[in-house]
Structure formats: structure tokens, C-alpha cells
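Me: I've got a structure open here and would like to talk it through with you. Can we start with the overall make-up and then go into the details?

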Amino acid sequence: EPYIPKFVEVNYIEGSNDNKWSSNNFPWTKKLEANNKKVFGNHSFRLNQREVINATMSGYDVFVLMPTGGGKSLTYQLPALICPGVTLVISPLVSLIQDQIMHLLQANIPAAYLSANMEWTEQQEIFRELNSEYCKYKLLYVTPEKVAKSDVLLRQLENLNARQMLARIVIDEAHCVSQWGHDFRPDYQALGILKQKFPNTPVLALTATATASVKEDVVQALGLVNCIVFRQSFNRPNLWYSVIPKTKKCLDDIDKFIKENHYDESGIIYCLSRMDCEKVAERLQECGHKAAFYHGSMDPAQRAFVQKQWSKDEINIICATVAFGMGINKPDVRFVIHHSLPKSIEGYHQECGRAGRDGQRSSCVLYYSYSDYIRVKHMISQGVIEQSPLASGYNRTNTTNSGRVLETNTENLLRMVSYCENDVDCRRILQLIHLGEKFDCTTCKKTCDNCLKIKSFVEKDVTGIAKQLVELVKLTGQQFSSSHILEVYRGSFSQFVKKHRHQTVSLHGVGKHLAKGEASRVLRHLVTEDLLAEEVKKSDVYGSVSSILKVNELKACELFSGRKTILIRFPSSVKASKQKNSEVISAKGSLTSGKQSPPHIGTEQPQSKANSDLS
Ligand code: ADP
Ligand code: MG
Ligand code: ZN
């Protein structure tokens, strides 16, 4: 029986380009500005802060996409301060909560938190205060587990609500709701109950990372109604991106890269396993770097010690799993190196985002080999891959829809592979389109490896391939993801292809002869050109979201009538350019003069030097 998903539409409104939210004429504007200065010590608002506050204070459900460090906390702490009642904040980690409470108390804002492993008497005291007529707390922080498991808490909230004292519900790190995200946390899915119980209380969901699918998933799972979405660009102009083929000499390459470009500067090297962290750290120490490792099986005190040493610059390089990075605000991280393939593009974007918070130029280098893909894939399927602290507490074997989770993880990983194997398109475009943002690659100004070598590219007419792909999307009923379409096009006989009898579709295998990655580039280009649309739909069968390709008939007509041709850039010689690039990184630091020119990506000169090195 072919599986035919049933879909439910998801609704939301884009708030970023509606200027009514930036107005200074809301009844609370004066109070807002006074308290922002007086209590929080800020001179002004940052991008979207005022807008988000106005929308949530107007009573709407609001979804905020704002990069880490953008100032999301203020958008609920300030309303909490000036609105009557208590604001409930759901936050994933006790350490993050404690940090927030400390800052609030310093600013004389009464706040408390409840977590599952707190003494009962301590909890009782907080409940007593919540029950009192004039509850002093302005903010109450809880972990998602608490909401999912504590009936006492829910009753308390009902009680507050009945007295009209539940001002607002805030879901921080909201992307943890989604299986599509890289930090899935099942307890977040239980938060939907809050909207059911308190339909009239505005919900504010905040995250620094969400693809279109994740956003839809969150909106749906939390039951947000006519939600207003605020988002801003996730492009980080001061980060320089490159992908380098990973060889056996990878550690030598890393050592050399750091010595030539970032010696004695602060950086993070992300590794796949705990053992890798230790090996990489040891090797770098031998090479004379001040390096240490950090991973999940160290005891907390040890981890805190290493983190502190790094923050104080007693250690320069931290070799870590993705367990490292949460809540870290070191401004002068000059490089983030990925020793192995990240699990997803969102994850990669987040990890790179820890570099250059001070706005200074910083490097993001990823060492890629296909064998790492196999390794990561295996680790994901075994459930042995280390996760960020946000996603911890998630036990794969206990999850009923684990098959579905595995599928989305594999899809995410495949997209990461195609990012790495792409040696043509701007890295920024590739990251941002994945986060639902369109980006003009001329703005990159050659700050990524691919844009840098654009000179040696030729434009190729791929209209024929484009037509076949659009046709194939139609033939298969416009209900499959891009990776499935590509599988069919390249002639796969996988279980999934067989299950849907797609091996009998007339275009099955027509794209067999194409170079790896070529068809996928054409497909992605069709999405950016609006010929195909990637639609996100919620399936009510599995309760999960998938992204499927649909045809834009109007634009497709132009293609089939011959009014539109599709051109994409190809390197004039793929092999040569790929190898050149790998050498640029290691060979050039010495050729570039100090800091005025980008560290690892050079101009023509080092490339030709690298070229001669090869021969
Ligand atoms: P996010 O949660 O988006 O990662 P935070 O809310 O933790 O970011 O804020 C990051 C930092 O920015 C904090 O130190 C905060 O005090 C500061 N900040 C937030 N808003 C402003 C503002 N309007 N003016 C100056 N500093 C701000
Ligand atoms: Mg935050
Ligand atoms: Zn670029």
C-alpha cells in the first residue's frame, strides 16, 4: 500500500515588514523605554526588539527568529516587568535558567524557578508565593520536563490564570520542539497543552535557529494561533567559510592553518566523538598549542574548569563535541574548525556562529571526507552520537516514532553532505536558503571559498535537465522531498523508490549520467528561481512535518514553452579547482600579510602557488 500522507495547513503572519509594530504610540511605549534604560541599562532597542515586545503586548502569539546574542531575553523580561501578573518561561537547561535568574535578581526583578530535581520544601515555598494574593514574582522559569510531568504545576498555573495573573507564556529555544531541528527534545512536544489550557494567554516562542520546516513544526505543536513571525537575516558578514577535503594529514593541516592564521588566538575545534576530541587536543599540544578537550563524559567540575580556562585565554583551543557551546558568549573566538562532518546545516550554522561575536573577521573551516558521512550516519542510527545539552534527555529507544526521527536525521545529514560537495555556489546562499532566507551572492564579496574562485567558471545551459526534473515532480504527484526526487532521477532502486513504484516512472534513471551533485544543484536552483516550491506540510498520520516539492505552474509554463532557459555556473575543470582550494588553506597564511587580507582564502597568487605545489 503506498503511503499517502494527509496534510493540515499551517498559518502564520510575517511581522517583520509590517511597520505598525515599530510605532512609538502604544499605550506602554513610555514605560517601556523608561524601564529599558533604568532597569536594564540599555540605551536603545536592538533590531526587532521593540517590534516583538509591541506584538506580544498586544496579545498576539509571536514567533521570534533572532541570532544568538541578538537580545531575545529582553523581549519577554521587559514586558514581564511592566505587565501585571506572572510570566511563565520554559527554558531547556537549569544552568541557563540560573544564569538568567541571577541577572534578574541583580536588576531587582523578582524571579524564581522550578526544576524536577529541586527539594520539595523549596518547591512548596515557591508554590505558596504563587498562591498568595499579591504574588511578588514577575517571572517563573521552569524546565519542559516540569510542565510535562508535574500536575501540581499545571494546577498552580490554572489557579494563577483564574485570578488573571498568568501574563504570558514564553518558550525559549523553541526549536527543541521539532524533530526536524538538530536539538529535538521530546518534552517540548508536551508544551502544546499550555495553549489548550490557556487559550487566551499570549505565547512568545523564541529561537536562534529554525528552518522553514522547524518553524512550521513549532507553530503547530505549540498550537499557536495567527502567529506573528519576526525574523532577521542570519547572514554573518564577518565569518569566512570554507570546506577542505579531509585527508590523513588533517591534523597537520589544522596545526599549520592555526599557526599561520590564528596563532595564540581563541578557537573551537568540533569533533565527532569523545575520543576524537582527546586525540586532536593531544596532537595540538604536541605541536605547541595551548589546547584542551571538552565532552560529555567528563565530570561537570572538570568541564567547567576547562571552559573557564578557555574563557580566560589560559587555553586557546578547545577540542569539543557539540556538547560545548551553549550559553557561551566569548566575543573574540577567531576560528571554528569542524574536524568532522556536522549533523545538519542548522547545527553547522549555529556552531560557526560562535566565532566572531565581536564583529571581527573570523574563520570557519570544515574538513570533509565522504567516509565521515558513513561514520556519522552509523553513529546516528546507533544513537551513540553526542548531542548538544539542549537535546540531552532525549532517549531514542523510548521514542515511538524513532523511525521517523531517523529519517529526518538522515535527510539533514544528506543536505550537509551536498553542502560540502558543492564547490560552486556561495556558502552563504547554501546555508541561508536552508534557513529559509534568500541571499544575493554578490553581497558575499568573496568571503567564502566558492565565491573566491568564481573566475574560473563557465555558465552551462541546463534547461533540459530542469524540464525533466519539473516533469518528474509532477509525475510523482507533487508529494515527495527533493532527496526522493533526486533518487528517482538518478535511477535508485531503494526500498522507498520501490514502495512507491517509482522505478516504473518514465523518467526513472534519466539523470544517471550526470555528475554527482549536478542534478541536486539544478533542483535547488529551480527552488531559488521559484519554479519549484518547497512546501512544508504537517502529516497527521505521524504527527511530523515533511518538506515536499510542488510545481509553480505559471513559471513552469515559461520553461516548457521555451521562454525561459536555465543557466548555472560550473567550474571549468572541477577536479583542478577542488584541489587548488585544499592547498590554498594550508599554503597561504604565510603568503598573506597579517590581518588585512582574509586568512585562509587568498587571491590568485596563493592559488597559483598552491597549483605549482601540486605538480
Ligand atoms: P539571546 O537570547 O538572543 O542569545 P540575550 O538575550 O542573552 O541574547 O542577550 C545577549 C546580550 O545582549 C546580553 O548581554 C544583553 O544584556 C544584551 N542586550 C540585549 N538587548 C540589548 C539592548 N537593547 N542594548 C544593549 N544590550 C542589549
Ligand atoms: Mg537566549
Ligand atoms: Zn560566497
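Me: What does the secondary structure of the protein come to?
Reply: The protein has 24 helices and 19 strands, where helices (H or I, at least four residues) and strands (E, at least two) are DSSP runs numbered from the N terminus. This is a predicted model, in which local features need pLDDT of at least 70 and side-chain atom pairs count only at pLDDT 80 or more, while totals for chains, interfaces and linings use all residues. Residues are numbered from 1 along each chain as its sequence is written, and chains are lettered from A and ligands numbered from 1 in the order in which they are written.

Me: And how much of the protein counts as buried?
Reply: Of its 615 residues, 43% count as buried, a residue being buried if 20 or more other C-beta atoms, placed from the backbone, lie within 10 Å of its own.

Me: Which residues have the most contacts inside the largest nonpolar core?
Reply: They are Leu88, Ile171, Ala205, Val218 and Leu222, in a core of 64 residues; such a core is a set of buried Ala, Val, Leu, Ile, Met, Phe, Trp, Tyr and Cys residues joined through C-beta atoms within 7 Å. Another core, of 55 residues, lies apart from it and includes Ile254, Ile269, Cys364 and Cys451.

Me: Switching to sheets, what is the strand order in the open sheet of six strands?
Reply: The order is E10-E15-E14-E11-E13-E12, with parallel pairing, and two strands pair if DSSP finds at least two bridges between them. Strand E10 (239-245) and strand E12 (291-294) are the edge strands, each pairing on one side only.

Me: How many bridges are there between E11 and E13?
Reply: Strand E11 (residues 266-270) and strand E13 (residues 317-320) are joined in the parallel sense by four bridges, and Gly267 has Ile317 in E13 as its bridge partner.

Me: Why is helix H21 described as largely enclosed?
Reply: Helix H21 (residues 518-528) is largely enclosed by the rest of the structure because eight of its 11 residues are buried, among them Arg521, Arg524 and His525. H21 is followed by Asp530, which has a positive phi, near 65°.

Me: Last topic: which residues come nearest to ligand 1?
Reply: Asn42, Gly70, Gly71, Lys72 and Ser73 come nearest, out of 13 residues around ligand 1, where a residue counts as near if its C-beta atom, placed from the backbone, lies within 6 Å.

Technical notes:
Buried ≥ 20, exposed ≤ 12 C-beta atoms within 10 Å, placed from the backbone.
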